[in-house]
Amino acid sequence: MMTSLAPDLEIVQVLGTVCDGKAMSSLMSAYKINVVLHAAAYKHVSVVQQNLVSGVANNVLGTNTLAQAARAAGVAQFILISSDKAVRPTN
């Protein structure tokens, strides 16, 4: 499904994983991506602590895979959005 917000801006919704380098490269090439806003990371600290391999694979390796695909595709800007959660928040 594509949504047009402005004549020169198009949002394309794609469900996938940042760990799939071929898919990320294909998407960036197919849509001629200029800016990547990357916020895909597992956020639930206690769950990630109990599942370190999956957490590192997604949060660290997946981010690297996406960044490398962006570089290879000539993406102008790669913005990492961090929304880290505290382990024991007080509020």
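Reply: Among contacts in the protein between residues at least 6 apart in sequence, 59% join residues at least 24 apart; contact here means heavy atoms within 4.5 Å. Please keep in mind that this is a predicted model, in which local features need pLDDT of at least 70 and side-chain atom pairs count only at pLDDT 80 or more, while totals for chains, interfaces and linings use all residues. Residues are numbered from 1 along each chain as its sequence is written, and side-chain values use heavy atoms, with hydrogens and water left out.

Of the 91 residues, 15% count as buried, which stands for under 20% relative accessible area, with exposed over 50% and partly exposed in between (1.4 Å probe, protein chains only).

Now to the core itself. The largest nonpolar core is made of eight residues: Val18, Met24, Met28, Val36, Leu66, Ala69, Ala70 and Val75. Helices H1 (21–31) and H3 (52–72) each supply at least two residues of this core, and H3 gives the most, with three. Such a core is a set of buried Ala, Val, Leu, Ile, Met, Phe, Trp, Tyr and Cys residues joined through side-chain atoms within 4.5 Å. Take Met28: setting aside residues up to four places away in sequence, Met28 touches Ile33, Val36, Leu66, Ala69, Ala70, Ala73 and Val75.

On the H1 side, Gly21, Met24, Ser25 and Met28 meet Thr65, Leu66, Ala69 and Ala70 of H3. By class, this contact has five nonpolar, three polar and no charged residues. Here Ala, Val, Leu, Ile, Met, Phe, Trp, Tyr, Cys and Pro count as nonpolar, Asp, Glu, Lys and Arg as charged, and the others, Gly among them, as polar.

One more residue deserves a look. His38 sits in strand S3 (residues 35–38) and counts as buried because its relative accessibility is 3%. Leaving aside neighbours within four places in sequence, His38 is in contact with Val18, Thr63, Leu66, Phe78, Ile79, Leu80 and Ile81.

Definitions and conventions. Helix = DSSP H or I, 4+ residues; strand = E, 2+ residues; numbered from the N terminus.
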